[in-house]
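Have a look at the model first.

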Amino acid sequence: MPTMKPIYMDYAATTPVDDRVARVMCECMTRDGVFANPASSSHQPGRDARGRVETARRQVAGLLNASPTEIVWTSGATESDNLALKGVAHRHAARGRHIVTSRTEHKAVLDSCRQLENEGFEVSYLVPGTDGVITAERVAEAMREDTLLVSIMHVNNEIGIASDIADIGRLCHERKVLFHVDAAQSAGKLPLDVDAMGVDLMSVSAHKVYGPKGIGALYIRDQLGNRLEPLIHGGGHEWGMRSGTLATHQVVGMGEAFAIAGQEMEEEARRLAGLRRRLWDGIRGLGGVWLNGCPERRAAGILNVSFEGVEGESLLFALRELAVSSGSACTSASRESSYVLRALGRDDQLAQSSIRFSLGRYSTGEDVDRCVEIVTREVNRLRSLAPPAGGESARDQAI
Amino acid sequence: MENLNYSTLVRDRFERPPNAGRLLGDVIRGAAGEKSHGTRVEFDLRLRDGRVERARFRAYGCPHAIAAASWVAEQAEGRSLESDEWLDPLRLAEVLELPEYKLGVLLVVEDAFRDATSQACGS
């Protein structure tokens, strides 16, 4: 029975708050700090808070190569996705009622699309190629005269593969279709440039980038102006697009987290790529192991692997000395295989036995070596319990 | 992690099943399930005088499947093939503290065991 704290390898799910981020957040909470309402422009404490909020806005905009006035604070990437899709659809329905997205998007996009379908919009759901990538060609094939919006994620949260965002952006620009990108998994890990990528709306989140949970942002291209229908009405904050008193400590935390990510991204990506290679080299030695997704298009840190001959739920439980994610919903009643992995051509067994290892800022070589040891031990053990694929057991026990 | 809250018995059987493997020689074998559907269970039984002298299992499946197969193989030893009322999936679900949605797993374990014993009856 493992008693030690699990080795954290689920940075794609969330990250701990960086100590440097926590420090600036603490400056904005107590009575000695910058606690005032940033909307209270009638006094200095309020103006101080506003200053901190606007510094953070510049920091977030900086990482996306956007203008600060194009950043709207939200409660996270889920709200950003909702605001982008519903905000565009509700305000611009006269331009068209067709949306293009992919089946492998985050639930926040898929469920928003389902809601819009209930309201009479039509949505085309693209299937990724066998490498997991959504290409501009696939988007072009799905576009129609009345296409209003294309929404494609930058890096897939399950396998870490980046799609052809700049190509899709060019296509959307040519066809005068709005383009939304969920960049929750790529912000702070891959370089982002909303102009070079041709993006009109981009969702980002703080907690994937060593910032706090509960805060995110939506980039909205200037030309769109204030022309998104808000989800939340109230005091007209954030240019009327997202009302509600700003949580200064959350906002400055996100700003600091994005600033640090911008400074350290290049070196950190190199370090993580090295650790990920070390992990893959160790695990592949087991045999019967499949790397999910094209190796060349991967965001640093994510390694998704399927294991032949072991069942997903047992594998996840056997690996509980590691904090990792299962690539499928195999622990639920539905036993639903991951759509992403099925699209890559994995059969049911392999799709159900996938594990996502995601490394991050505090992962070490020692963690990786220990992880390889645990995975090797447990996969071998489970394989020895299982019936053989060809009729004969791998483990003979004569009594 | 709610789904990973297994009972102590399931944890023990999953971690250290005392009767995994196969029997060689004069044994009967039974199997049920498909790996592609998430569960595959096989039993080897050695019989003597109409009773199960030794039982071993192999299982591909969730921790509940492995634990259930191990428990059934253990309970079978010493029992007559004639009496099978002890092999009740609902009773087994209680013993292993299984969530209701996992009952299907126990049916695969039961089918595999009955497949083995049916071969004895047919021989």
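## A helix and what packs over it

The buried residues of helix 4 of chain A are covered by elements that include helix 3 (77–92), strand 3 (98–102), strand 4 (122–126), strand 5 (147–153) and strand 6 (178–182) of chain A. Keep in mind that this is a predicted model, where local features need pLDDT of at least 70, side-chain atom pairs count only at pLDDT 80 or more, and totals for chains, interfaces and linings use all residues. Residues are numbered from 1 along each chain as its sequence is written, while chains are lettered from A and ligands numbered from 1 in the order in which they are written.

Helices (H or I, at least four residues) and strands (E, at least two) are DSSP runs, numbered from the N terminus. A residue counts as buried if 20 or more other C-beta atoms, placed from the backbone, lie within 10 Å of its own, as exposed if 12 or fewer do, and as partly exposed in between.

So which residues of helix 4 of chain A are buried? They are A108(A), V109(A), S112(A), C113(A) and L116(A). Looking down the axis of helix 4 of chain A, these fall within an arc of 130° (from the directions from the helix axis to the C-beta atoms), so they line one face of the helix. The face turned away from that buried side carries the exposed K107(A), R114(A), E117(A) and N118(A). After helix 4 of chain A comes G120(A), with a positive phi near 105°.

## Domains and confidence

Chain A has domain 1 (7–13 + 265–384) and domain 2 (19–261), with bounds from an automatic or database domain assignment. Their centres, over C-alpha atoms, are 28 Å apart. Across the boundary, 22 residues of domain 1 of chain A are in contact (C-beta atoms, placed from the backbone, within 7 Å) with 23 residues of domain 2 of chain A. On the domain 1 side, helix 9 of chain A gives the most, with three residues.

The mean pLDDT (the predictor's confidence in each residue, from 0 to 100) of chain A is 92, and 93% of its residues reach 70 or more.

| Stretch of chain A | pLDDT | Contacts beyond four places in sequence |
|---|---|---|
| residues 329–333 | under 50 | 13 contacts |
| residues 391–399 | under 50 | 19 contacts |

## Chain B

Chain B has four helices and three strands, running α-β-β-β-α-α-α from the N terminus on. Buried residues make up 43% of its 123 residues.

Conventions:
Two residues are in contact if their C-beta atoms, placed from the backbone, lie within 7 Å.
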